[in-house]
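Please look through the sequence and the model shown below. The paragraphs after it go from the overall division of the chain to single residues.

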Amino acid sequence: MIELQKIEYHYNDFKMHFALNIAAKERVVIVGPSGAGKSTLLSLIAGFIFPNSGQIILNQQNVTTTLPGKRPVSMLFQHNNLFSHLTVEQNIALGIKPALKLSRTEQTTIDDILIRIGLEGFNQRYPEQLSGGQRQRVALARCLIQHRPILLLDEPFSALDQALRFEMLALVNQVCSEFNLTLMMVSHYLDDSLNHFSRCLVIENGKIIFNAAPNHLKQNENQRIARLLGFR
Ligand SMILES: Nc1ncnc2c1ncn2[C@@H]1O[C@H](COP(=O)(O)OP(=O)(O)OP(=O)(O)O)[C@@H](O)[C@H]1O
């Protein structure tokens, strides 16, 4: 579960305010204009930045001042999730063991996760030998192997073509069910992919202005928000 209580965060003059309550296993998509504060919201939850005031509670723990590695969270970014000088297997292993020397059990865990993400046998390839979609699958595998209950995705599939993006979303849905994850994902797409999510947050100018099921965006009272997002 993710609870943000009266969070305030300032970048110079740009003030953001977030209050939020998300139950365990929800799947939440975050949309809104460029520069509205979507990535900042995820960075606050992940612990890469700390709020000026307010409390962050994750799975009943107050983590407001906790460092990222100690939070029950893993995060995937749009780009640069993999180290180019490390193999697929080593990149995934970093999620569990910085020293990279794997025990037999850890090796089996990595082989299993490669099967789950459809990259069986890709262990010794380097990122440059993978397609964009395959790279993001490997990055997702590194998140999953950490077994953290909250998964934050900052537009990780936007560089992929539409078919591949939908395929990745289906994979994310599948792993969220399988691993019982709570998901928050930033997206720039306002298409059928919204239906993968139980809830949609719209952020404008550092505030959450909509917090409901995605299909509520089509209701009359939300016309202004739908227009802001580019829906006709
Ligand atoms: N390190 C920083 N220093 C100063 N201002 C920043 C910094 N990072 C972000 N900002 C500002 O904070 C605001 C929110 O940025 P954020 O990246 O959260 O927006 P976003 O909604 O994710 O945008 P986009 O969709 O373009 O990625 C923006 O106005 C941005 O210019």
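In this predicted model, the protein is divided into two domains, and domain 1 is made of two stretches of sequence, 1-72 and 152-232. Domain 2 covers residues 81-147. The C-alpha centres of the two domains are 26 Å apart. Where domain 1 and domain 2 meet, nine residues of domain 1 are in contact with five residues of domain 2. On the domain 1 side of this meeting, the residues are nine nonpolar, with no polar and no charged ones.

Strand E3 spans residues 27-31 and strand E9 spans residues 199-204; the two run parallel and are joined by four bridges.

Now turn to the ligand. Which residues surround the ligand? Tyr11 and Phe14 are among them, together with Gly32 and the run Ser34, Gly35, Ala36, Gly37, Lys38, Ser39 and Thr40. Helix H1, residues 38-46, gives the largest share of this shell, with three residues. By type, the shell around the ligand has six polar residues, three nonpolar and one charged.

The last stop is Ser53, which is placed in strand E4, residues 53-58. Is Ser53 buried or exposed? Ser53 has 12 other C-beta atoms within 10 Å, and a residue counts as exposed if that number is 12 or fewer, so Ser53 is exposed. Contacts of Ser53 can be followed beyond its sequence neighbours: leaving aside those within four places in sequence, Ser53 is in contact with Lys6 and Glu8. In sequence, Ser53 and Lys6 are 47 residues apart, while in space their C-alpha atoms are 7.3 Å apart.

Conventions. Residues are numbered from 1 along each chain as its sequence is written. This is a predicted model: local features need pLDDT of at least 70, side-chain atom pairs count only at pLDDT 80 or more; totals for chains, interfaces and linings use all residues. Domain bounds come from an automatic or database domain assignment. Two residues are in contact if their C-beta atoms, placed from the backbone, lie within 7 Å. Ala, Val, Leu, Ile, Met, Phe, Trp, Tyr, Cys and Pro count as nonpolar, Asp, Glu, Lys and Arg as charged, and the others, Gly among them, as polar. Two strands pair if DSSP finds at least two bridges between them. A residue is near a molecule or strand if its C-beta atom, placed from the backbone, lies within 6 Å of it. A residue is buried if 20 or more other C-beta atoms lie within 10 Å of its own, exposed if 12 or fewer, and partly exposed in between; C-beta atoms are placed from the backbone.
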